[in-house]
Amino acid sequence: MYSEENNSSDTMNIVHGHSKDHRPDLKQFLVKMLCVDRTIPVFGQTEDGNASDKVINNKVLSSISKYMAENRIKKEGFIYIADSAMVTQKNLEKIGDEIQFISRLPANYKECSRLIKSAIEKEEWVELGKLSDTMETTKRPAAVYKAWESTAVLHNKNYRAVVIHSSAHDKRRQKRIERELKKAHTGLSKKIKKISKQEFFCQADALKAAAEIKKAERIEVLGLVLLLSLLIWRLIEYNMRRYAKDNKKDLPGWVKRRTYKPTAFMLSISRWLIYLNKPRRSGKQEFTF
């Protein structure tokens, strides 16, 4: 039985650690397991509450041959599956060439970003379709997957690498970016509102306060946003003119005028004027064109 007052070196340490349940106020201990058929444990042992997953993987790999031999399984007869904590130089050296494994390449390896970039640039995906066993609904459609295979070089050794793309991951990333932008916008708006109400005794103090919210990094980001906006603007204009030329059909220009060379500005103004001339429904306003 564990006792904080009498803790021997052979007893696990129940301590505060990184809580995946978001309860840092509670002490914890870990249980390491080696499972077969995904969820059936064949070996297990308790570990300290702050034990490193990388170290735990190394301990398991050091004894895995023994465990498999006891169950009359040869090294080439199984695949070791672990999370990204397994991928370290020591663990890869320990696993050697005889044991096959599947893991996720940690983002702190440069090969991770290189492989993702190459997959996007080459656009040679293999469509995998929907893999979920759970029945999809209208609100929660099943994710669609595709894959691209290559080779990763880790510590001067080649490994087979597969980049997986998930449609659900794209949506989660977009939502996260939207949340971060909204948070940043709210913070800056509050700061600007506070500074706009503040009175300064001299020009130097006012310039100093302005410098805190007109930083070069933010101006650079603004410039990139304007550049992307121009790209979208010109693409709209290019496609409209190509459509008019290929179909020999004029498009709305200025008020009561048609043209074969419309501009994106013309389109936006024409749409807005069409909206203004629409009959209104009582009690409602329509904002779609």
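A salt bridge here is a side-chain nitrogen of Lys or Arg within 4 Å of a carboxyl oxygen of Asp or Glu. The legends below describe a predicted model, in which local features need pLDDT of at least 70 and side-chain atom pairs count only at pLDDT 80 or more, while totals for chains, interfaces and linings use all residues. Residues are numbered from 1 along each chain as its sequence is written, and side-chain values use heavy atoms, with hydrogens and water left out.

**View 1. The whole protein chain.**
The protein chain holds seven helices and nine strands. Helices (H or I, at least four residues) and strands (E, at least two) are DSSP runs, numbered from the N terminus. Of the 289 residues in the chain, 21% are buried. Buried means under 20% relative accessible area, exposed means over 50%, and partly exposed lies in between (1.4 Å probe, protein chains only). The accessible surface of the chain is about 23,700 Å², and 55% of this surface belongs to carbon and sulfur atoms. Accessible areas come from the Shrake-Rupley method with a 1.4 Å probe; for residues, only the protein chains shown count as cover. Contacts are heavy atoms within 4.5 Å. Among contacts between residues at least 6 apart in sequence, 31% join residues at least 24 apart.

Arg234 and Glu237 form a salt bridge, with their closest N and O atoms 3.3 Å apart. Glu237 also meets Arg241 in a salt bridge, at 4.0 Å from N to O. Arg234 and Glu237 are three residues apart in helix α6, about one turn of the helix. Glu237 and Arg241 are four residues apart in helix α6, also about one turn. An α-helix has 3.6 residues a turn, so residues three or four places apart point the same way. Which of these side chains are buried and which are partly exposed? Glu237 counts as buried because its relative accessibility is 12%. Arg234, at 45%, counts as partly exposed, and so does Arg241, at 32%.

The side chains of Arg176 and Glu180 meet in a salt bridge with an N to O distance of 3.8 Å. Both residues lie in helix α4 (residues 167–197), where they are four residues apart, about one turn of the helix. Arg176 is partly exposed because its relative accessibility is 39%. Glu180 is partly exposed as well, at 48%. In another part of the chain, salt bridges link Lys32, Glu47 and Lys59 in a network. How many salt bridges does the rule count? The count comes to 10 salt bridges.

**View 2. The nonpolar patch.**
Leu224, Leu227, Leu230, Trp233, Trp254 and Phe265 make a nonpolar surface patch of about 600 Å². Patches are made of residues with over 30% relative accessible area and no salt bridge; like charges are joined within 9 Å, and nonpolar side chains (Val, Leu, Ile, Met, Phe, Trp, Tyr) within 5 Å. Helix α6 (residues 216–247) gives the largest share of the patch, four residues. Leu230 is in helix α6. Leu230 counts as partly exposed because its relative accessible area is 42%.

**View 3. Helix α1 and its kink.**
Helix α1 (residues 53–70) has 18 residues, so at 1.5 Å a residue it should span 26 Å; its end C-alpha atoms are 25 Å apart, which agrees. The expected span is 1.5 Å times one less than the number of residues. A kink of about 50 degrees is centred on Ser63. The bend at a residue is the angle between axes fitted to the seven residues ending there and the seven starting there. The buried residues of α1 are Ile56, Asn57, Asn58, Val60, Leu61, Ile64, Tyr67 and Met68. These buried residues pack against β1 (30–36), β2 (40–47), β3 (79–81) and α2 (89–95). Just after α1, Arg72 takes a positive phi of about 55 degrees.

**View 4. The loop between β6 and β7.**
His155 lies in the loop between β6 (144–154) and β7 (157–166), and Asn156 lies in the loop between β6 and β7 too. His155 has a positive phi of about 55 degrees although it is not a glycine. Asn156, also a residue other than glycine, has a positive phi near 65 degrees. Is Asn156 buried or exposed? Asn156 is exposed because its relative accessible area is 81%. His155 counts as partly exposed, at 37% relative accessibility.
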